[in-house]
Amino acid sequence: MTRLEKVVEDTAVELLRIAATELPREYVEAMQRGLDETEGAVGRSQLGNILENVEIARESSKPMCQDTGVVAFMVRLGDEFPLRSDLKQILVEATRRATREVPLRPNAVDMFSGNTGDNVGLKGHVPILYIDLIPGDGIELTAMPKGGGSTNVAAHRMLKPGLGWKGVKQFIIEAVANAGSLGCPPYFVGVGIGGGEDLCMTLAKRALLRPFGVWNEDQRVAKIERELLQKVNRLGIGAMGLGEGPTALDLHIEMAARHPASLPVGVVISCWALRHARATVSRDGVVEIDKSG
Amino acid sequence: MEYHLKTPVPESQLRRLKMGDLVYVTGTVITARDEAHLKALDLHERGEAPPVDFGGVCIFHCGPIMRKEGDEWTVVAAGPTTSARMEIFQDNFIEAFRPAIIIGKGGMGDRTAAACGKFGCVYSAFTGGAALLAARGIKRVRDVFWLEELGMPECLWVYEVEDFGPMIVTIDSHGNNMTKDVKDQVTARMKSIMEELRDRHD
C-alpha cells in the first residue's frame with residue numbers, strides 16, 4: 001500500500017467516525033432554537049433528549065444513534081489525482097475498518113446468507129459510491145452513512161408533466177406527511193426534480209448535503225424551497241411525531257432537465273441525525289477535514 | 001404523571017398508566033425486532049418456549065451496537081428502531097407472551113392498541129436516535145440469544161436496566177394512541193394545504 005493510499009483509507013475511516021459521532025453544529029443549533037420555541041412538555045422533552053444525546057456522542061466519541069446506516073461515499077476525483085480505480089477497494093477497506101474501530105453496526109444484509117457483518121455488501125454495491133470527475137489534482141471525499149428509519153420513508157413518483165409545480169409541491173407535502181413519526185423528525189428534506197427515474201432520487205439525496213440554511217442559487221427554486229419548508233412545518237408532525245416542536249429544519253431542492261413526457265420527483269428524508277463529514281486530500285497527501293453542516 | 005416501575009410490572013400498575021405519562025423502568029429489558037418476533041412466535045406456535053421469558057418485562061424494539069471485551073458484552077449504543085414494522089405481529093406477541101411494556105419509537109397502530117387494551121400492556125416511546133441516553137440506563141448485559149443466527153441487530157439481548165428512560169406512554173391500555181391522534185391531525189392539515197395549493201393561481 002502506498003503512502004497516499006494509506007492516507008485516503010485513514011481519512012475515510014476518520015470521516016465515518018466523525019459522521020457517526022459528531023453532529024454538525026449548525027444542526028445542533030437549529031434544534032436548540034426549535035427547543036427554545038417549543039412550549040409543549042412532550043416536544044421539549046424529545047428535543048432535549050436529542051440534544052443531550054448528541055453531546056454525549058461528541059464527548060465520548062460514540063455513535064449518536066445505534067443505526068449507523070448504510071455507508072455511502074461521495075467522491076469528487078481530480079484529473080491529476082494519482083489514485084484511480086484502486087479508490088473503490090480503499091473505500092471498501094475503510095468501511096470494514098470503521099465498522100470495527102468506531103464501531104459501526106453491521107448493516108449490510110445479504111438476502112440469502114444474512115448480515116455480512118462488515119457493512120460491505122453484495123457484488124460491490126455497498127458501500128455505495130457516487131463518483132464525480134473534476135479538474136485539479138486532489139480528491140474530495142464525503143462520508144454519508146444513512147439510517148434505515150428515514151430511508152424507509154423516501155418517496156418517488158413519476159408525475160404527469162401537466163400537473164406542473166402544483167403537482168410537485170403537493171407530492172412533496174404528501175411525502176413528508178406520510179413519513180409522519182416514522183423517520184425520527186425533525187427532518188431534513190431533500191428533493192430532486194427531473195433527470196429520470198433514478199437521477200431524481202440521487203439529486204434528492206445530494207440535496208441533503210447542501211450547507212444548512214443555504215437556499216438554491218436559482219431564486220425561483222429558492223422561493224419554492226422557502227414556501228415548502230414553511231408548509232411542511234404547518235403539518236405539525238413535531239419532534240418524534242408527537243405533535244410538538246419543528247417538523248423539518250431545512251428543505252433543499254436540486255433540479256435537472258426532464259424528458260418532455262416525464263416529471264420525476266424524488267423525496268429523500270433524513271432524520272434529525274443528518275450525518276456526514278467531508279475532507280479533501282491533495283496529491284501530496286495533505287488532508288483538510290470539514291465538519292460543517 | 002411520572003412513574004418509576006420495576007419489572008415484573010403487575011397488570012394493576014400498567015392499567016394505571018395513561019397516555020402522556022412519563023415512565024422510567026428498572027429491571028429487565030429484552031431487545032427484539034422483526035426477526036426475533038417472528039422466531040419467537042414461530043416457536044410458540046409449535047408449542048416450544050423461547051429461551052427467555054418475556055412475561056412482565058419490557059420488549060425493546062432495538063438493534064444495538066454491542067462490543068465484546070474478553071467474555072463480557074457491553075452496550076455501545078442502543079436506541080429504539082421504528083416500531084411500525086412490528087405492527088403486523090405485535091398483537092400476537094403480546095397475547096402469546098404477555099410482556100408489560102413495548103418500547104420503541106414512531107408509535108404503533110390499532111392492532112397493537114387493541115392488544116394493549118385486552119391484555120394490560122402499554123407502548124412507550126423512547127426518543128428516536130437517542131442511543132447513548134438509552135445505553136446509559138443499561139447496567140448489565142445478562143444474556144444474548146440467537147446471535148449467530150440473526151446477527152447483532154436482530155437477536156435477543158437481555159439487559160438489566162436502572163431508571164431506563166425517560167419514555168412517554170403513547171399507547172395506554174384504555175384505547176388511547178397519541179401517534180394516531182397526531183397522525184389524524186397531520187392528515188387534516190395536509191388536506192387543507194393541498195386545497196390551498198389547488199385553488200391558487202400563480
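How many bridges join strand 1 of chain A to strand 5 of chain A, and do these strands run parallel or antiparallel? The views below, taken from a predicted model, begin with this pair.

**View 1. Strand 1 and strand 5 of chain A, side by side.** Strand 1 (residues 72-78) and strand 5 (residues 139-143) of chain A run antiparallel, and five bridges join them. Within this pairing, A:Arg76 of chain A stands opposite A:Glu140, a residue of strand 5.

**View 2. The open sheet of chain A.** Five strands of chain A form an open sheet with mixed pairing, in which the strands follow the order 4-1-5-10-11. Strand 4 (128-134) and strand 11 (287-290) of chain A are the edge strands, each of which pairs on one side only, and from one strand to the next the twist averages 15 degrees.

**View 3. Helix 1 of chain A against the strands.** Helix 1 of chain A, made of residues 3-21, lies across strand 1, strand 5, strand 10 (277-281) and strand 11 of chain A, and runs at about 160 degrees to strand 10.

**View 4. The two domains of chain A.** Chain A is divided into domain 1, which comprises 3-20 + 64-145 + 275-290, and domain 2, which comprises 148-270. The centres of these two domains of chain A, taken over C-alpha atoms, are separated by 26 Å.

**View 5. The side of chain B that touches chain A.** Here 41 residues of chain B are in contact with 43 residues of chain A. Helix 7 of chain B supplies the largest share of chain B's side, namely 13 residues, and by class this side has 23 nonpolar, 13 polar and five charged residues.

Conventions
Residues are numbered from 1 along each chain as its sequence is written. Chains are lettered from A and ligands numbered from 1 in the order in which they are written. This is a predicted model: local features need pLDDT of at least 70, side-chain atom pairs count only at pLDDT 80 or more; totals for chains, interfaces and linings use all residues. Two strands pair if DSSP finds at least two bridges between them. Helices (H or I, at least four residues) and strands (E, at least two) are DSSP runs, numbered from the N terminus. Axes are lines fitted to C-alpha atoms, for helices over the stretch in contact, and angles run from 0 to 180 degrees between N-to-C directions. Two residues are in contact if their C-beta atoms, placed from the backbone, lie within 7 Å. Domain bounds come from an automatic or database domain assignment. Ala, Val, Leu, Ile, Met, Phe, Trp, Tyr, Cys and Pro count as nonpolar, Asp, Glu, Lys and Arg as charged, and the others, Gly among them, as polar.
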